[in-house]
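Please keep the sequence and the model in view while reading.

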Amino acid sequence: METKIAQSLILSPGTGSEKIVRVPSGSVRFSRRSREPDRFHQLVSAQWQPKTSPSNRLKAMSCSYKNFPASILETGGLQASFDDALILKNKLQEIEPYLNGRCIYLVGMMGSGKTTVGKILSQVLGYSFSDSDTVVEQDLGGTSVKDVFNLYGEGFFREKETEALRKLSLMHRFVVSTGGGAVIRPINWKYMQKGISVWLDVPVDALAHRISAIGTGSRPLLNHDSGDAYKKTYMRLSNLLEERFEAYANANARVSVEDIAAKLGHRDVSNLTPTAIAIEVSLSLSYTTYICSWKIAGE
């Protein structure tokens with residue numbers, strides 16, 4: 001049965017867990033309930049910087065670029081460094097056994113890069129990738145999300161979205177990009193908590209610039225009349241984020257692209273490559289799998 005469902009969910013080829021905790025500050029934030037020392041988080045964060053010793057340079061040079069999918073080395077028009085690709089590959093290979101096949105759910109506002117980052121993670125991990133919006137469209141015979149909203153309303157779409165997440169929760173070894181509003185229904189968290197969830201937190205102004213630049217026609221919650229597209233998009237996104245903020249905070253980890261940019265010396269988050277963001281997601285996965293193992297060992 002799982003194989004049959006998977007065939008309808010996979011977009012690009014490539015278990016249950018209890019709620020994992022979050023730390024309240026930093027680019028990767030986990031719950032205050034965790035009493036584990038910060039030493040581990042500092043340890044994994046240190047791996048951001050590529051090793052620059054001669055021996056490590058030679059080791060990196062000995063690896064072929066053919067070992068990495070093109071989407072990792074060049075995404076979104078920004079060239080990811082070979083060192084970043086290598087760091088991502090090594091980190092994900094390190095933590096993959098501890099994921100135990102659990103699905104990874106990326107949550108966040110529309111335009112936050114969930115699909116782009118998700119595809120990179122799935123390729124490196126050897127996982128399958130799926131987008132919950134696309135699953136809904138497939139279930140409705142190819143009807144676009146925009147048309148679903150127009151024909152049946154948001155309530156109908158949310159029901160179909162929940163059904164898509166229920167199907168995905170039966171899967172293993174999937175990276176799932178969720179719709180921006182998937183977090184607002186508690187039942188959706190019931191399904192996502194069978195895996196590990198990561199919130200990609202992007203500043204509203206950056207989201208507004210991205211979305212208004214390509215148009216809002218495919219975004220049913222952003223349809224607006226003529227006028228300043230950026231200003232209208234910014235105001236609507238700000239309201240949506242305020243409504244959903246606490247729901248996003250239910251994620252096992254929060255990855256702030258603003259904090260990543262500051263760490264890497266960028267003033268503009270648009271200068272970040274998706275691979276750089278994927279590295280921070282991998283660090284959050286490393287921490288959450290560590291905490292999960294620590295809690296189970298202490299029981």
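## Nonpolar cores

Leaving aside neighbours within four places in sequence, Val117 is in contact with Leu106, Leu200, Pro274, Ile277, Ala278 and Val281, where contact means heavy atoms within 4.5 Å. Val117 is also one of the residues with the most contacts inside the largest nonpolar core, which has 56 residues; the others named for this are Val107, Leu121, Leu237, Val281 and Leu285. Such a core is a set of buried Ala, Val, Leu, Ile, Met, Phe, Trp, Tyr and Cys residues joined through side-chain atoms within 4.5 Å, and buried means under 20% relative accessible area, with exposed being over 50% and partly exposed in between (1.4 Å probe, protein chains only). Another core, of eight residues, lies apart from the largest one and includes Leu140, Val148, Phe149 and Ala164.

The model is predicted, so local features need pLDDT of at least 70 and side-chain atom pairs count only at pLDDT 80 or more, whereas totals for chains, interfaces and linings use all residues. Residues are numbered from 1 along each chain as its sequence is written, and side-chain values use heavy atoms, with hydrogens and water left out.

## Aromatic pairs

The structure holds five aromatic pairs, a pair being rings of Phe, Tyr and Trp (its six-membered ring) whose centres lie within 6.5 Å, with planes under 30 degrees apart counted as stacked, over 60 as edge-to-face and the rest as tilted. In one of them, the rings of Trp199 and Phe245 have centres 5.3 Å apart and planes at 80°, so this pair is edge-to-face. The pair links distant parts of the chain, since Trp199 lies in strand 7 (residues 196–201) and Phe245, 46 residues apart from it, in helix 12 (residues 229–248); helices (H or I, at least four residues) and strands (E, at least two) are DSSP runs, numbered from the N terminus. Trp199 is buried at 2% relative accessible area, while Phe245 is partly exposed at 35%.

The rings of Tyr230 and Tyr234 have their centres 5.9 Å apart and their planes at 35°, so that pair is tilted. These two tyrosines are four residues apart in helix 12, and are therefore separated by about one helical turn. Both count as partly exposed, Tyr230 with a relative accessible area of 27% and Tyr234 with 31%. Ring pairs also link Trp199, Phe245 and Tyr248 into a cluster.

## Helix packing

The axes of helix 7 (residues 132–139) and helix 9 (residues 154–169) come within 9 Å and cross at roughly 105°, where axes are lines fitted to C-alpha atoms, for helices over the stretch in contact, and angles run from 0 to 180 degrees between N-to-C directions. The two helices are therefore roughly perpendicular, on a scale where angles under 35 degrees count as roughly parallel, over 145 as roughly antiparallel, 65 to 115 as roughly perpendicular and the rest as oblique. Among the residues that meet are Val135 and Val136 in helix 7, and Phe157, Ala164 and Leu168 in helix 9.

Helix 8 (residues 145–152) packs with helix 9 at about 130°, their axes being 7 Å apart, and this pair is therefore oblique. Here Val145, Val148, Phe149 and Tyr152 in helix 8 meet Glu154, Phe156, Phe157 and Arg158 in helix 9.

## A buried lysine

Lys91 is found in helix 5 (residues 82–99) and is buried, with a relative accessible area of 2%. Lys91 and Ser286 are 195 residues apart in sequence, yet 8.0 Å apart in space, C-alpha to C-alpha.
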